[in-house]
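Me: I have a structure open and want to learn to read it. Could you take me through some features, one by one?
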Amino acid sequence: MEKKLLNEIHSPDDVKKLSRPELDQLAAEIRDTLVETTATNGGHLASNLGVVELTIALERVFDSPKDSIVWDVGHQCYTHKLLTGRYDQFSTLRQDRGLSGFPNPKESDHDVFSAGHSGTSIAASYGLSVAKTLKQDPSFTIAVIGDGSFTGGLVYEALNNAGHSNTRLIVILNENDMSISKNVGAVARYLTAFRTNPTYYRLKGEIKDVLHQVPVIGDTTVKAIINAKKKAKNTLYSSNFFEDLGFTYMGPIDGHDLDALCNALESAKDVEDIKEPVLIHIHTTKGKGYLPAEMDPSRFHGISKFDPATGKSPKGPDTNFSKEFGKYLCTFAEQDKRICAITAAMALGTGLDQFAKRFPNRFFDVGIAEEFGATFAGGLSKGGMIPVFAVYSTFLQRSYDEIVHDVSMQDLKVIFAVDRAGFVGDDGRSHQGIFDMAFLRTIPNSVIYSPSTYKGLSLYLYRALYDEGKVIAVRYPRGQEGYVPEGFKELYDDYQVVGNDNADVAIVTFGGLFSEAARAMEQLENQGISVRIIKLNKVFPINPDAVREAEKSSHIFFFEEGVKSGGIGELFGYELLQDHFSGSFRYIAVDNTFVDHAPIPVLRKRYHLDCGSMVEEVLRSVQNVEE
């Protein structure tokens, strides 16, 4: 039986010891491990399958962690984890207390920079490379970024700043979907092979040094020779704007050809002799080596459990909040031709795929550019349309300045459909939707709705479209609606009371936590403790009547699936204080920390926001009073 190489890989040094045939065996083992693990745990499969050879080449040519490898977004770092001493733990990927599905510096020194949002790697890597230069550290910094991230403006800001720097920065552009540079036939292929040969760059650096040493020639003549070289090359090669920004460009290169990759990376290390950052353009296939993922890379980008033999996933629920949102928006758009939908490369994830098919002229996918999406929405609003920007809570964070400056300050109306509000589970700290409440309520003219059910989503989306607010957020949780008590009816009101109107204990909450509160209320009633729920539908501004309603109870508990600082519970407590409330008030929320990956029920229990914790909080308070 052939030995398993992954068992012997404890650091990148072990990759360097392998023979060339063993590298192919390693790549096959890695792909098998990726499929097997994500089939069990879920995760980002297609993108990881696409960078297996690239990651092997990086670990073989460079010296991680001394050489810093920075992964953009970071969801394609699984092979990197396998080759940096974490194979034994890999079965815990995305599991509670297990390995993160993204780079995590707390997990390993090889994870240089944490990520989860796209477009950050070049800026971060440039900063790292400058710091190394200032400290006279000769190591390299490598940014790995996909072409999808090039729809975001931060990438171009970083390229503009880094392009003319004298640092050991290497950018690897992984093209796996859209074309950025065109391969123009035999001449281009020849020049690609020639220009990725290490001898070419060593010779280029030596010639430049010699020319500088000839007094008659000097800097001016050197620059003229370089410019002439570029013009000749452009004529033959159809060069691109990366070189105009100051980068030495290599590519396109087959990202699954290990020899070509290692050759290019070795060449890039020699370019430092001519004092230019390098951009290596590779082309890969998403899902490479696993046919179901190659055939349908979108579905296997981020996937839940599946059968590795067939690629098929178990049948899930027929609907969820995202799908219901898309359905309701289509219904409203059918009646009102002013309604437009915007997404930031998340049409399927936000439930807008049907809207895109039915109303293509009013659907806009702006790419991974949430800042642009917010300002673009402001422009649509100024032109008389009703824009609805569907965006995950975590990615809305990017748009804060644009919402302030280009929507609220302009006195314009834009609806933000905030998906994945609250805990999101296995994607972890970069994706948890726990900050949107705190920053949205700081914005003048903002209104925030947080429905708990599909019916509530329909009611408050409609209300958002046609009420008097300007910056209007309708936020809803990930997944399906939770438990709804028998006889409950969603009301078209700012708040509603559920349970015994005369109860001495009031639980105030909203959104996904309503289902937890409803179960807690029933359990407490079974123990002889009468409870009522004050369910906030319009959570900001808080209706003063909701505060006064709560004050009828002696014990008030506010549960919120978000950060405490700036949260709605903090504001509710302030209003109680202003009213000189004399009873007890407990505010339970995330205590201003980042929340790691774990299933949503586990996180709710960990942060005392589940049904059981609510029951414990109420019992503890009531028993203390009785004593």
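Me: How do the residues of the lining of the largest cavity divide into nonpolar, polar and charged?
Reply: Keep in mind that this is a predicted model. To read a lining, sort its residues by class. Here the lining of the largest cavity has six nonpolar, four polar and three charged residues. In all, 13 residues line the largest cavity. Arg475, Phe510, Gly511, Gly512 and Glu561 lie nearest its centre. Strand E16 (residues 555-563) gives the most to this lining, with three residues. The space in the largest cavity is about 100 Å³.

Me: How many cavities of 30 Å³ or more are there?
Reply: The count comes to four. Take the second largest cavity next. About 50 Å³ of space lies in it. Its lining includes Ser118, Gly119, Glu371 and Arg398. Helix H7 (residues 153-162) gives the most to the lining of the second largest cavity, with three residues. By class, that lining has three nonpolar, five polar and two charged residues.

Me: What about pockets? How much space lies in the second largest pocket?
Reply: A pocket is open, whereas a probe in a cavity cannot get out. The second largest pocket holds about 680 Å³ of space. It is lined by 33 residues, and Asn104, Ser114, Arg429, Ser430 and Asp596 are the closest to its centre. Its lining has ten nonpolar, 14 polar and nine charged residues.

Me: Now helices. At what angle do the axes of H16 and H18 cross?
Reply: Compare the two axes. H16 (residues 370-382) and H18 (residues 400-408) cross at roughly 10°, and their axes come within 9 Å. Angles under 35 degrees count as roughly parallel. H16 and H18 are therefore roughly parallel to each other.

Me: Which residues of H16 and H18 meet?
Reply: From H16 come Glu371, Ala374, Thr375 and Gly378. From H18 come Glu402, Ile403, Asp406 and Val407. By class, this contact has three nonpolar, two polar and three charged residues.

Me: Is Ile282 buried or exposed?
Reply: Look at relative accessibility. Under 20% means buried. Ile282 has 1%, so Ile282 counts as buried. Ile282 sits in strand E5 (residues 278-283). Beyond its neighbours within four places in sequence, its contacts include Leu54, Ile172, Glu175, Ile253 and Leu261. Glu175 is 107 residues away along the chain, yet the C-alpha atoms of Ile282 and Glu175 are separated by 6.1 Å. For the whole protein chain of 627 residues, 57% count as buried.

Me: Next, the backbone. Which residues does a cis peptide bond join, with omega about -10°?
Reply: Most peptide bonds are trans. Phe540 and Pro541 are joined by a cis bond with that omega. Pro541 lies in the loop between strand E15 (538-540) and helix H22 (544-550). The bond from Ser64 to Pro65 is also cis, with omega near 5°. Pro65 is in the loop between helix H4 (52-61) and strand E1 (68-71).

Me: What is phi of Asp411?
Reply: Most residues other than glycine have a negative phi. Asp411 has a positive phi, near 60°. Asp411 lies in the loop between H18 and strand E9 (414-419). Its relative accessible area is 45%, so Asp411 is partly exposed. Arg420 has a positive phi too, near 55°. Arg420 is in the loop between E9 and helix H19 (436-440). At 16% relative accessibility, Arg420 counts as buried.

Definitions and conventions. Residues numbered from 1 in each chain as written. Predicted model: local features only at pLDDT ≥ 70, side-chain atom pairs only at ≥ 80, totals over all residues. Heavy atoms only, no water. Axes fitted to C-alpha atoms, helices over the stretch in contact; angles between N-to-C directions. Helix = DSSP H or I, 4+ residues; strand = E, 2+ residues; numbered from the N terminus. Parallel < 35°, antiparallel > 145°, perpendicular 65-115°, else oblique. Contact = heavy atoms within 4.5 Å. Nonpolar A, V, L, I, M, F, W, Y, C, P; charged D, E, K, R; others polar. 1 Å grid on protein atoms, 1.4 Å probe; cavity = no way out; pocket = protein on both sides within 12 Å on 5 of 7 lines; lining within 4 Å. Points joined across faces, edges and corners; volume = space filled by probe spheres on them. Buried < 20%, exposed > 50% of the residue type's maximum accessible area, 1.4 Å probe, protein only.
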